[in-house]
Amino acid sequence: MLGGAGSASGSVPPTPSGWSLVWSDDFNGPAGSLPSGTNWSIQTGHGYPGGPANWGTGEIQEYTASPNNVSLDGNGNLRITPRRDSAGNWTSSRIETHRADFKAPAGGTLRIEGRIQMPNVTGDAALGYWPAFWALGSPYRGNYWNWPAIGEFDIMENVNGINSVWGVLHCGVNPGGDCHETNGLGASRTCPGASCQSAFHTYRFEWDRSVSPQQFRWYVDDQQYHSVSQNQVSATTWANMTEHAGYFILLNVAMGGAFPNGVQGGATPTAATVPGHPMVVDYVAVWSRGGGDDGGGDGGTSQRYLTAGGGLGAAGSSPATATLASAGGANHDGTVTNPQTFTASGLTGSHTGGSTAFDLLVDAGTAVAVGQQVRVSYDHTGNGSWDRTETYHYFATDPVNGYEHYTEGRGLKSVTGSHADLAGGRVRVEVWNAIGNAPSTLGVGNQSFVRIPFDLG
């Protein structure tokens, strides 16, 4: 068994036999420091910009990037700690991976795992606590209104200090639908041995594409307690949550909201609720098995990272940046102007019938009214003629330091041509500032990617 009850180990366990490590974080670092900015972004406030209020769940806390709410403890753990001020206002934290391409390889299996101690508080003192370890479909970024169709895997949820772990799938439409929303398709059980609150336990989710029908499975300390099979939902519902670029992983502790209020007489935090009890995370890791893939999209072939040298290829070994020149106060909406350009050539493969997806990390610092724009072009035969060109609506960054996610969820502004198979073809990605009076930054290396709708073999 990997993990289980006991103290934090401070490192990711050895890769299990037959699996390959895709990504991990062991949360090693100085006490009081924030989690790795290369691996994680920290969400703040009461909702995503343009998304539903209170994160769509009715939770009441404000998320912050303060080390008082989220930090490493110097012993190989991440701690997310809810706090309450003298006026009764709650704060906590929510972090999510930059990578949003965690996906089971064709014919293989994806494994997402974390070793976690839930907030060690029970009874009335725990009312309103809602810790979670979960994953959301990548098209949610930049849209925030397409839940639950894009899929949600709740790997570990707990509420009100109850000695149980919940595993839940959210999918389809809300309310109702194949996943019986808003409840989802879920199951729960007590933690083996020591309680969920008093000790570390290992929580795991598997997406198995090596079997037919495909299957999702949930485990605690290697003991399976829940599964959902592909044939339990419609073909459309399954496709909507599985036939996109992949998933990103989240860790958070909410206070109050729909789930705590709906379980065993729970409630939004009361005067008896005691702040300051952290969720402690030893590690998070992603492995894949079979299918000849690395668990990040479809084998790193149709998914291409924007690299520092202007290429589209495998993820770099470290993050880098590229500067997008200021629009100079002019309006370049739809017109490529002083772009950063990234190209891949010599590509051969069949069109899957899907569409382009991307996740670009962009930041304009504290500048206001700056918007980045992307154009993706396809030359099917490499003859120098761009047969299909897709220009997406620009993405206006907020005036707060820190990367934001620009995805295909912004929608197409214009498109010319149609897709055909690639035969020694080329793909080009151009990114520029469409509006604003300041430059902005594009994360490259291992930070931004485009997923092209071709089976490259």
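This is a predicted model: local features need pLDDT of at least 70, side-chain atom pairs count only at pLDDT 80 or more; totals for chains, interfaces and linings use all residues.
Residues are numbered from 1 along each chain as its sequence is written, and side-chain values use heavy atoms, with hydrogens and water left out.

The structure contains two disulfides, a disulfide being a pair of cysteine sulfur atoms within 2.5 Å. Cys171 is bonded to Cys179, with an S to S distance of 2.0 Å. The torsion about this S-S bond, between Cys171 and Cys179, is about 95°, so the disulfide is right-handed. Cys171 has 0% relative accessibility and therefore counts as buried; Cys179, at 0%, counts as buried too. Here buried means under 20% relative accessible area, exposed means over 50%, and partly exposed lies in between (1.4 Å probe, protein chains only). The other disulfide joins Cys191 and Cys196, whose sulfur atoms are 2.0 Å apart. Its torsion is about 100°, so the disulfide of Cys191 and Cys196 is right-handed. Both Cys191 and Cys196 are buried. With bonded cysteines counted along the chain, the pattern is 1-2, 3-4.

Helices and strands are DSSP runs numbered from the N terminus (helices: H or I, at least four residues; strands: E, at least two). Helix 1 spans residues 235–242, and its buried residues are Thr237, Trp238, Met241 and Thr242. They cover an arc of only 110° around the axis, which puts them on the same side of helix 1; the arc is that of the directions from the helix axis to the C-beta atoms. An α-helix has 3.6 residues a turn, so residues three or four places apart point the same way. Ala235 and Thr236 are exposed, on the face of helix 1 turned away from its buried side. The cover over the buried residues of helix 1 includes strand 12 (165–170), strand 14 (201–208), strand 15 (215–220), strand 16 (223–229) and strand 17 (247–255).

Strand 12 is one of these covering strands. Six of its six residues are buried, so strand 12 is largely enclosed by the rest of the structure. Val165, Gly167 and Leu169 are buried on one side of strand 12, and Trp166, Val168 and His170 are buried on the other. Strand 12 runs antiparallel to strand 11 (residues 152–157), to which four bridges join it; two strands pair if DSSP finds at least two bridges between them. Across from Trp166 of strand 12 stands Glu157. Strand 12 also pairs with strand 13 (residues 185–189), in the antiparallel sense and over five bridges. There, Val168 is opposite Gly186 of strand 13.

Elsewhere, three strands form an open sheet with mixed pairing, in the order 3-7-6. Strand 3 (62–63) and strand 6 (83–84) are at the edges, each with a single partner strand, so one side of each has no neighbour in the sheet. Strand 6 pairs with strand 7 (residues 90–92) in the antiparallel sense over two bridges. Arg84 has Trp90 of strand 7 as its bridge partner.

A nonpolar core is a set of buried Ala, Val, Leu, Ile, Met, Phe, Trp, Tyr and Cys residues joined through side-chain atoms within 4.5 Å. The largest nonpolar core has 52 residues, and those with the most contacts inside it are Leu78, Phe133, Leu169, Tyr203, Trp207, Phe216 and Leu251. Strand 17 gives the most to this core, with five residues. A second, separate core has 26 residues, among them Ala322, Leu347, Val427 and Val450.

Two single residues complete the tour. Arg428 is part of strand 29 (residues 422–435) and is buried, with a relative accessible area of 16%. Its side chain makes a polar contact with the side chain of Glu430 (3.3 Å). A polar contact is a pair of N or O atoms within 3.5 Å; within protein, one must be able to donate a hydrogen and the other to accept it, and residues adjacent in sequence count only if both atoms are side-chain atoms. Gln224 lies in strand 16 and is partly exposed, with a relative accessible area of 41%. Leaving out residues up to four places away in sequence, Gln224 touches Arg217, Trp218 and Tyr219, where contact means heavy atoms within 4.5 Å.
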